[in-house]
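Got the viewer open and a selection tool at hand? Let's take a walk through this one, stop by stop.

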Amino acid sequence: MKKIIKLTINGESVEAAVEPNRTLLQFLREDLGLTGTKHGCGLGDCGACTVIMEGRAVNSCLILAIQAHGKEIITIEGLAEGGRLHPIQQAFVDKGAIQCGFCTPGMILSAKALLDRNPKPTEMEIRTAISGNLCRCTGYQKIVEAIESASETIGSEEVS
Amino acid sequence: MNEYSVLNSRLPRIDAPLKATGLAKYADDLKFPGMLYATILQSPVAHARILNIDTSRAKKLKGVKAVITSKETGLIKYGVSPARYDETLFAHDKVRYVGDEIAAVAAVDQATALEALSLIKVDYQELPAVFDMFEAMKEGAPQIHDDYPGNLNAEVHQEFGDTEAALAECDLVINHTFLNKRQDAAFLEPHSCVAIYDLDGRLTLHTSTQVPHYVMRTVAMVLQIPVGNVRVVKPYVGGGFGPKCEATPLELSCAFLSRFTGKPVKMTYSREQVFLHSRARHQFFAEMSLGVRKDGTMVALKNKAILDGGAYTSFGIATVYYAGSLLGGPYKLKSMKYDGYRAYTNKPACGAQRGHGGVAHRAAFEQLIDRTAGELGIDPIELRLKNIMTAGDMTVNELDMSSLGMKECIEAVKEHSGWQNKKGKLRRGKGIGMACGFFVSGAGYPIYRSDTYHSTVVIKLSEDGGTAIVQTGSAEIGQGSDTTMAMIAAETLGISIDNVKVVSGDTDLSVDLGAYSSRQTLMTGHATREAAEQIRGILKRYLAQEMGCTEESICFSNGIVKFDGQPGNYDKLRSHYIKEHRGWTDQPSGEYLTFKEVARMTYLKDGTLVGTGKYKPPRLGGSYKGAAVGTSPAYGCSAQVVEVDVDLQTGEITIENMTDAHDCGLAINKTSVEGQMQGSLSMGLGECLFEEVKFDSRGRIVNPSLGEYRIPTALDMPNVKSIIVESHEPNGPYGAKEVGEGAIMPTIPAILNAIYDATGVRMNELPVTSERLFLALKKQEIA
Amino acid sequence: MLLPKFDYHEPRTLEEVLLLLSELGGNAKLLAGGTDLLVRMKLNVDRPSHVISLEKVPGLNEIIPQDRHGVTIGSTTTAANLAESELIIDRFAPLAIASSRLGAPMIRNRATIGGNLVNARPAADLSPACMVLSANLKIKSLNKDREVLVNDFFVGPGQTILDPNELLVSLKIETPPPWTGGSYLKLGARKALEISMVNVACLLTLQSADGPIVDVRIALGAVAPTPVRAFAAEEFLIGQKPSESLFKEAGSIGVGMCSPITDHRGTMEYRCMMIESLTHRALQQAYHRALEWKL
Ligand SMILES: Cc1cc2nc3c(=O)[nH]c(=O)nc-3n(C[C@H](O)[C@H](O)[C@H](O)COP(=O)(O)OP(=O)(O)OC[C@H]3O[C@@H](n4cnc5c(N)ncnc54)[C@H](O)[C@@H]3O)c2cc1C
Ligand code: FES
Ligand code: FES
């Protein structure tokens, strides 16, 4: 039986009826058309489906849509503001951290969840924060560089 | 100093903002009105006769729109190489591996489609199966294909010079064996497609593929419709690395289901199905002997390969040839002998994967070189340098090294890794190792025999003259080919990359064989350059006429036009342009005439401006059997140094440092080149240390998930010192050649050589898990 | 990969949970972080017709210090919260380290300690840590409360002493005495997203900075149908003066407790050898941390 859920997605409140067996990933992609969140495995193994829920990066393939009731969720579509890329997105573009791009939304959200809590992470902290996000294309190096660079940009923006 | 205004830079990729914002569309992101969802029924047994297929209950299920089996789709054989078409879309008489396709269903949603699958009843008569390549080739082994006795799918025998005689004359001959394991490409995006069959008999297939062209050809053949009625459109692709280089049962079933239902039909493989479909790296067994003189001069190489092909051929014929031909360089040899065998087994078919056919045998060869160096007491780098080829050299098997910065690569990694201070000086448990490799920059011949162009490109200027639209069938799969083509077009036209738009991956746009064998930078690059030159020629002709100057005096760069380096007297043209352009806000005002003005004025005279370019390689290679495989207009090469730390109490290996130098000719985009290098190394690291697709005793994959099939995480991969070596490749556009696959060649042997340096143990079986290394260390202790 | 259909319940109180459990029993599954349950349901291993979420039950996810004597950890406390908690890091190190090594950040943000224990995988990361800390498990059903030592909790792979109508409410752990150090080691192929091939937790207490070992606990995972304590090795160590060779010998005694299996991750032989290496190393680490003990 469907149940009504209300939640905030990228700052907007959303209300919908969902079956209990619908995952948050399916809900975002199929019901809301937010296809920036990717499906790579469905089992928590790859991180392509990463979204931020209540400030924490989570695998949306292992969360029921119904569990997101009352929660605040950020997906990749919610980062750019006023036609401008978020500094993390910009750094990914500038540093060549994107190849096929399939891991990118998840990577960027894991990076955001990290920087929101720890604005000046070490390389090890960055690598740990993205260790649940697999990338087969880049070897991670440019992704790590991008997150380092974004952390500097965000830091200097906040100071100025 | 960079002599180019666009090339050889670090421009951000043109698709990066779309991908960073999640707006880039991949196949599974597409949705069409009335779209149905499809699934495939796959065999649960490895080898069986199909006695009966009953789909009646599935057809009756509410929401099911079509159920198809070989009865509906026919039995047209297809595959990769026409010489070995051994697949039909659906198995009809036999299933040959766990995962072999039997039927497909289209329904209103995925849950219904899956339920319908469970209602299809198939009666099997199980047959004895064989899963091991050595067993498969033994007398009395179960026969997988009637036409291939002994399960011998392909064999190759090549010899250049008299190898036995040469070996007999050598001062030192060392034998070596090596065994890798079946691997998976583990791209992040599972295969997915949507087929839309119009009522007028035309099919549009949106699919996650590396090769829209070959998919178009295969689909047309299997559906028996004209090639011109099939349009394959590739959305963004989440990685391919080889296995997405051929038409899949997913694409063919969707096409049929759409034809039967008149609706768009989508199907996406589960991760498990990606493993079952496979088409990834073979398991290879290598047996090799290298003969050298006392002074380290390499003389002769004897190489034997056995490949576990799985149940079908896929790319296998090329694979078994590559395992031999790609050892011809980058060291000078007097003679070389190769014997290769590919066996059928009751497992998913293997195909092409990054470094196609070459990776395992390169690993064996580079270990053999280190062993030889050790035996002779020569530094492994010195031994390699002593035998290294340089530009202009030809391998024994007639591969032409038209450019080759191999020596420069070796010297670069030697210097940047601090080799001199480390080799032989590290404490037990720490080790340093190196290896080299090279790879083709595009296969010299298409997969099917034909005189076709390998790439054609159309560039069209927008009517306002402000944008060049590059139209190509080439496949952006993450490697950055769209950006490469945009840069080549911008450089050639003399405009900014912001004024170039690339439309790609669509068979309606141009002919392009696709993203495999590291071909697009060179081949599509040539065609792009030629198309841009054609447009530049048209504009110059127009200008010369209008300005009364010679075409040679005109130069386009950075969006402006110079006449003998000067602004020139273009008043008449500009005032004409301004008049014709009145009412618009972007009137030109600068000191120089702009590209845009010229393009607009030329359009007013001639209509839409289009340039076309084309490329096919010249006739390449020798005349012996199989000489085509391994030929290429150019070869990229690389050298790597790896440092490892081995935990002697557990056998765990940490890769501490990697230094990589790659000769890619002119680096069109340096950031992208480094990205390919680093990505290749991480794949090589995974294959060396973790990756293995495992089977149980009944041929079922034990680890068909990204949790149990382990690719490196961010914590397993170190930073790489990446050094770009730029030779000038005469056969490449602007001197460019490959980087996407060659970069993986040295990784595995460099790690293995470093492990040897750290422990004194020669690992010749992959993956080098902590257990495998620890047990080897124990054995060493006892001995 | 679709989830099968089920009815979803979101009780607001502990009593409601217990009531639902008593009504639905075997047909229901509790949902904590879902990182085991939802995977098992997707793979068709579990097919409950009712799923009862623990999320809205107040107080279940708290780490509550018990005035210096110990801590109570609610069963839905996540691995991330355990790994980040100052209290757990300072006084219950094996649990903090084990929590920080479970899966990857996104998994840790959801995975709960209750789910980890109840799931009862032989290779689970948190079980050995709880065992060396001698956690007491508080278990409730509609008409029965009981406390069980974590050592007595596991029955076999995937099996515990819990009845279908019972809920694991919390864990109570006493603060280890002064001069105690703890450690946790995990052996696997990758450095993240890895199920242990062998894991070891140790807790070692000295009489004083240069005194003998007065108490030691060693627990091993992925080496038997359930995580096990290496009692023989513990007995061997108690009363002894710490030394390199002592720890090494304890490692080889540790193997005696184990009956690992061969599977696709590793063979029995290798696992046995690793029990020895890792126990030795974990004891060393625990000893060094004990020396650094501060008030
Ligand atoms: C990608 C991935 C990686 C992982 N890596 C690791 C790892 O490295 N180490 C490791 O140990 N585990 C790992 N796991 C397994 C899993 O994350 C852990 O076991 C986790 O702690 C389970 O907690 P949960 O809250 O998610 O459990 P759930 O899935 O919610 O529940 C698990 C089981 O416990 C029952 N249950 C939950 N809470 C209670 C309770 N309070 N009372 C009674 N029954 C209860 C549920 O009904 C269910 O049967 C991994 C899982 C994934 C998907
Ligand atoms: S899709 Fe969720 S982790 Fe892979
Ligand atoms: S960019 Fe392709 S998986 Fe990361």
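What follows is a short tour, starting with one chain and ending at the places where chains meet. Keep in mind that this is a predicted model.

**Stop one: chain C as a whole**

Select chain C and hide the rest. Its C-alpha trace spans about 60 × 45 × 30 Å along the principal axes. How does its radius of gyration fit with a compact globule? A compact globule of 295 residues would come out near 19 Å, and chain C has 19 Å, so the two agree. Now switch to a cartoon view: you'll be looking at 11 helices and 14 strands. If you colour by burial, 56% of the 295 residues in chain C count as buried. Take contacts in chain C between residues at least 6 apart in sequence: 65% of them join residues at least 24 apart.

**Stop two: the domains of chain C**

Domain 1 covers 7–53, domain 2 covers 63–174 and domain 3 covers 180–291. Zoom in on domain 1 and domain 2 of chain C, whose C-alpha centres lie 19 Å apart. Where they touch, domain 1 puts in 13 residues and domain 2 puts in 15. Which helix gives the most to domain 1's side of this contact? Pick out residues 14–24 of chain C: that's helix α1, and it supplies 5 residues. Colour the domain 1 side by class and you get 6 nonpolar, 6 polar and 1 charged residues.

**Stop three: where chain C meets chain B**

Bring chain B back. Here, 16 residues of chain C are in contact with 19 residues of chain B. To find the largest share of the chain C side, select residues 268–291 of chain C, which form helix α11 and account for 5 residues. By class, the chain C side of this contact has 9 nonpolar, 4 polar and 3 charged residues.

Key:
Residues numbered from 1 in each chain as written. Chains lettered and ligands numbered in written order. Predicted model: local features only at pLDDT ≥ 70, side-chain atom pairs only at ≥ 80, totals over all residues. Domains from an automatic or database assignment. Contact = placed C-beta atoms within 7 Å. Helix = DSSP H or I, 4+ residues; strand = E, 2+ residues; numbered from the N terminus. Nonpolar A, V, L, I, M, F, W, Y, C, P; charged D, E, K, R; others polar. Rg over C-alpha atoms; globule rule 2.2 N^0.38 Å. Buried ≥ 20, exposed ≤ 12 C-beta atoms within 10 Å, placed from the backbone.
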